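Q: Could we go through this model together, feature by feature, with the general idea before each particular case?

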Amino acid sequence: MNPWSLYDDLISPIPPDITVRDYSVGHVWTWLESDEGTMGVAMTTNVRSRPSIAMDDVAGAPLREVAELAKSWNLIDASIGVAAINAWHNHSGRVDKAGLRTATGGAFDTYADLVKGKRVATIGHFPAIEERLSDAAALTILERSPRPGDFIDTAAEYVLPDQDVVFVTGSTMVNKTLPRLLELAKQATVIVTGPSTPLSPVLFDHGASGLSGLIVTDAAGLTRSLRGAGRGRPGHFGHMMDLARG
């Protein structure tokens, strides 16, 4: 199987004639706006151990070409690329045309009943996650920078095959772990969640059961918030949309 197929399937629908209007790589969040006025965000992953393959300035470049940066092993490039993917897919009109069931409120509210009495794992230590998933029979938190009580994220190989429900942070799109995580958790209900999540049925084809991603509705406000150090909160300038198969 082509290891890049998830990324290629997300990039291929992007028309070649749409360009990047503006973008910024902040300390926490990367954002990118297309000339359609749509905006995508991705968590900034500041790993530059490989040479950058990005052009000097992606503003004005074709959106599809910039989306290809999601496949870069320079993860600053990849943050820009995932934001470009989301600038296309995370658009209310395109989500509506996908014919999927939608809800708002965020993954942990939408799936609150599902976790009751279940073995649940999260990839990422989400805010107040212990309280939000307190109805689970057992909760395992996997985190690249673990806090006391967490498992290191490499434990996924051993932990995920035994879970009933798995919540995966969308930032795994940037570091390239998402395809393997979906494979490991294929027997579970898997929800990919967070502002970095592409709202595309492509992810269902690769093993996701639900998606919870950000649709930006105030591009100007988000731009002001994330410029400079980029420490604003993208969710204040849009709404989370939850998708499941129809």
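Q: Is leucine 211 buried or exposed, and what is its relative accessible area?

A: Bear in mind that this is a predicted model. A residue counts as buried when its relative accessible area is under 20%; leucine 211 has a value of 0%, and therefore it is buried. This leucine belongs to strand β10, which comprises residues 210-216.

Q: Which residues does leucine 211 touch, leaving aside those up to four places away in sequence?

A: Its contacts include Tyr111, Val192, Leu203, Phe204 and Met241, and also Asp242 and Leu243.

Q: How should I read a sheet, and in what order do the strands of the open sheet stand?

A: Strands of a sheet pair through backbone hydrogen bonds, in either a parallel or an antiparallel manner. Here three strands make an open sheet, ordered β1-β2-β3, with antiparallel pairing. Because β1 (20-25) and β3 (39-43) each have a single partner strand, they stand at the edges, and one side of each is left without a neighbour in the sheet. From one strand to the next the twist averages 10°. Between β1 and β2 (residues 29-34) the antiparallel pairing extends over five bridges, and serine 24 is found opposite tryptophan 31 of β2.

Q: Which helix lies across β1, β2 and β3?

A: That is helix α3 (residues 75-89), which runs at about 145° to β3. Helix α11 (residues 219-226) also packs on the sheet, where it touches β2 and β3, and its direction makes about 145° with that of β2.

Q: How many aromatic pairs are there, and what is the geometry of the one formed by phenylalanine 108 and phenylalanine 126?

A: The count comes to four aromatic pairs. Phenylalanine 108 and phenylalanine 126 are arranged edge-to-face, with 5.1 Å centre to centre and 65° between the planes. Since phenylalanine 108 lies in helix α5 (residues 107-110) and phenylalanine 126 in the loop between β5 (119-123) and α6 (129-132), the pair ties together parts that are 18 residues apart in sequence. Elsewhere, Trp4, Tyr7 and Trp73 make up one aromatic cluster.

Q: Where does the charged end of arginine 94 sit, and over which residue does lysine 176 lie?

A: The charged end of arginine 94 is placed over the ring of tryptophan 88, 3.5 Å from the ring's centre, while lysine 176 lies over the face of tryptophan 73, at 4.9 Å from the ring centre.

Note on methods
Residues are numbered from 1 along each chain as its sequence is written. This is a predicted model: local features need pLDDT of at least 70, side-chain atom pairs count only at pLDDT 80 or more; totals for chains, interfaces and linings use all residues. Side-chain values use heavy atoms; hydrogens and water are left out. Two strands pair if DSSP finds at least two bridges between them. Helices (H or I, at least four residues) and strands (E, at least two) are DSSP runs, numbered from the N terminus. Axes are lines fitted to C-alpha atoms, for helices over the stretch in contact, and angles run from 0 to 180 degrees between N-to-C directions. Contact means heavy atoms within 4.5 Å. Rings of Phe, Tyr and Trp (its six-membered ring) pair if their centres lie within 6.5 Å; planes under 30 degrees apart count as stacked, over 60 as edge-to-face and the rest as tilted. A charge sits over a ring if NZ of Lys or CZ of Arg is within 6 Å of the ring centre and within 35 degrees of the ring normal. Buried means under 20% relative accessible area, exposed over 50%, partly exposed in between (1.4 Å probe, protein chains only).
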